[in-house]
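Take your time, and look up each part as it comes along.

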Amino acid sequence: MTTSLGPICVATSASKLDLWDVEVVDENNCKSRFCPKDPKGRPNHKKLQQDRPADVVGFYGSLSSTIPRLFELAGLYKKMGAKTVAGGKHVENKQEEALSHGIDVVVAGEGEHTIRDLLLAWQNGAPLDSVSGIAFLKDGQMFGTAPRPLITDFDQLPYPDFSLLQYARMKFYPIGRIRGCNMNCEFCSVKDRTRCASPQRVMNQIAYLVENRKARQFFEVSDHFAADRDSALEFCRLVASYKKRKRVRFTMTVQTRLNDARDPELLQAMKEAGINNLAIGFESPIDEELKDMRKGYLSKDMIRWTDILHSYGFFIHGMFIFGYPKRDKTSSRIPLKDRVKRFRDFLLKAKIDTAQVILTVPLPGTDLRERLDKEGRIYPLEDIGWEYYDGQFPLFEPDDGISPEELQQSVTKIMGGFYRFRNLIKMIFNMIIHFPRMVFLASLSIVTFRVTYIVGAFQKWKRRYFRNNLMRFGGYLILKSWLKKFKEDKFLILLQEAKRKIRRSKEKFKTVSS
Ligand code: B12
Ligand code: SF4
């Protein structure tokens with residue numbers, strides 16, 4: 001029950017124009033019974049367009065795995081007479097592809113200013129050449145206008161207006177402080193330099209959402225929460241003081257780097273601000289892989305840093321990439337079986353609360369994709385399409401001696417070892433044994449009117465004995481249902497054809513070069 005921030009920001013900006021009414025529909029959050037649905041339970045776009053015809057339809061094209069659906073809808077809206085625009089990381093890196101699949105205009109980079117210029121140009125019948133930061137077809141050829149400078153003064157922008165989101169239920173509110181990232185991980189498509197909104201502005205936005213939309217859970221979407229340390233500290237102080245003044249509670253998830261564990265002042269400030277969940281890209285416990293990824297640190301301190309973060313009471317969601325292709329072909333790599341073991345051992349030792357291990361995804365616009373493309377290893381898109389780019393599927397020929405099927409099974413093994421049925425049994429056991437032990441005992445303090453002991457004991461019990469088992473049992477059910485779907489999917493058949501093509505083209509290359 002959340003939504004992506006980008007489309008809300010763009011829609012908010014467009015809604016400030018005089019002659020334009022704007023609404024946002026999120027296919028992943030369309031719970032209301034008033035939303036017309038198709039037989040698959042998704043929004044019925046034909047009906048939506050018939051009921052309230054849109055002149056212009058914008059699409060969020062950041063996630064590669066959603067691209068086939070995006071193109072399907074773009075085609076539908078275009079047929080029904082609307083103009084189509086798309087922005088986001090995938091489409092900005094694959095502009096020609098989008099323009100040949102039903103998108104009239106691709107917006108590259110941040111969309112808040114561009115959408116306004118574009119709509120005004122259409123409204124006034126002005127040529128699109130004057131709108132910077134876009135690409136479109138001119139006489140059948142792609143034409144890109146001058147790039148738009150990055151936004152540096154976020155105070156110019158209106159606050160994201162979540163009331164534009166139709167039919168949705170919101171529980172987790174996304175908020176953004178920082179855009180871009182100064183690191184340069186090989187697999188990542190975030191390339192722009194870091195820019196930071198003022199802490200006060202972000203605080204105002206949170207206060208608005210707390211006071212007007214009863215928001216109590218936030219996801220701070222910056223790639224690296226502490227990229228600007230001073231601003232992070234100031235933001236934490238503002239949040240802590242707001243909570244105290246208004247006597248209000250809310251939780252916050254932030255994305256941060258593991259080596260921030262070296263900064264006790266920052267961790268203390270985050271704790272005092274009530275930041276409780278950290279999403280961290282650990283990526284791998286194997287040094288060779290971390291080096292190839294250009295992650296910026298090695299594995300030796302990882303467990304210690306994780307322990308430090310836990311000691312502050314943070315709940316840690318660890319994100320990992322498995323099967324990273326090596327850069328130096330001559331170096332030998334640890335056998336697959338041992339790599340699986342290293343991941344499993346690490347997850348146990350570091351006591352990561354929840355984990356997501358995905359296969360390597362060569363995302364468009366990344367140096368990794370460029371490298372694998374040069375090596376001719378990426379499976380052709382006509383076989384393994386974008387819909388498989390979600391980290392669950394092998395997408396390129398793995399390093400020598402490993403099959404893609406083995407790689408995929410390895411990830412299932414790691415995840416299967418982490419999310420288990422026995423977490424349910426543990427949970428029940430802990431409810432019978434530890435709940436009475438901890439909470440009932442604390443209840444005795446009621447005679448002294450110290451209810452806080454009970455709350456404290458309950459929190460401690462929930463954290464130590466309940467929450468992780470519940471989450472892991474939930475993860476077990478998700479994994480099981482994914483495996484069922486996977487068995488019914490045609491992926492393995494498509495993979496055979498893709499492998500054949502890659503091997504044939506390699507043989508051809510060998511013959512030509514010899
Ligand atoms: C926050 C986040 C998440 C959160 C989302 C939480 C939420 N409710 O928002 C969570 C953790 C759930 C998540 C999950 C995933 N994510 Co993510 N995520 C991000 C992150 C860090 C920030 C996105 C964001 O909100 N940015 C702030 C907004 C304001 O910026 P924006 O989205 O870029 O939008 C601007 C422009 O793109 C443009 N724009 C965007 N849409 C449109 C539309 C129109 C019409 C116009 C004109 C302009 C426009 O204007 C916007 C405003 O300036 C990005 C990295 C990044 N920096 O982009 C990755 C990123 C989007 N994620 C990525 C991936 C791969 C995933 C996962 C698939 C990972 C996985 N394997 O599980 C999952 C997919 C989940 C799903 N199916 O939805 C990739 C996508 C790359 C790709 N080509 O697919 C990114 C780019 C990171 C990366 N590794 O490179 N993610
Ligand atoms: S993975 Fe994270 S740290 Fe690395 S470049 Fe991307 S956003 Fe920055």
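This is a predicted model: local features need pLDDT of at least 70, side-chain atom pairs count only at pLDDT 80 or more; totals for chains, interfaces and linings use all residues.

## Before we start

Residues are numbered from 1 along each chain as its sequence is written, with chains lettered from A and ligands numbered from 1 in the order in which they are written.

Helices (H or I, at least four residues) and strands (E, at least two) are DSSP runs, numbered from the N terminus. Axes are lines fitted to C-alpha atoms, for helices over the stretch in contact, and angles run from 0 to 180 degrees between N-to-C directions.

## Two helix pairs

Let us begin with α8 (residues 229-246) and α9 (residues 264-272), whose axes come within 8 Å and cross at roughly 30°. The two helices α8 and α9 are therefore roughly parallel to each other. The crossing of α8 past α9 is left-handed, a word used if the near helix is turned anticlockwise from the far one by less than a right angle, and right-handed if clockwise. On the α8 side the contact involves R229, A232, L233, C236, R237 and A240, which meet L266, A269, M270 and E272 of α9; two residues are in contact if their C-beta atoms, placed from the backbone, lie within 7 Å. Seven residues of this contact are nonpolar, none is polar and three are charged. Here Ala, Val, Leu, Ile, Met, Phe, Trp, Tyr, Cys and Pro count as nonpolar, Asp, Glu, Lys and Arg as charged, and the others, Gly among them, as polar.

Now turn to α1 (residues 5-15) and α6, which pack at an angle of about 40° with their axes 8 Å apart. Helices α1 and α6 are therefore oblique to each other, and α1 passes α6 in a right-handed crossing. From α1 come C9, V10, S13 and A14, and from α6 come E112, I115, R116 and L119.

## A mixed sheet

Five strands make an open sheet in the order β2-β3-β4-β5-β6, with mixed pairing; two strands pair if DSSP finds at least two bridges between them. Strands β2 (56-60) and β6 (141-144) are at the edges with a single partner strand each, so one side of each is left without a neighbour in the sheet. From one strand to the next, the twist averages 25°.

Strand β5 (residues 134-138) runs antiparallel to β6, and four bridges join them. Within this pair, F136 stands opposite F143 in β6.

## A parallel sheet

Another open sheet has six strands, in the order β8-β11-β12-β13-β14-β15, and its pairing is parallel. Its twist averages 20° from one strand to the next. Six bridges join β13 (residues 275-283) to β14 (residues 315-322), and I280 has G318 in β14 as its bridge partner.

## Around the ligands

Which residues come nearest to ligand 1? Of the 38 residues around ligand 1, they are G6, G58, G87, G111 and G391; a residue is near a molecule or strand if its C-beta atom, placed from the backbone, lies within 6 Å of it. Helix α1 gives the largest share of this shell, five residues.

Around ligand 2 are C181, M183, N184, C185, C188, V190, D223, H224 and G281. Five residues of the shell around ligand 2 are nonpolar, three polar and one charged.

Key:
Angles under 35 degrees count as roughly parallel, over 145 as roughly antiparallel, 65 to 115 as roughly perpendicular and the rest as oblique.
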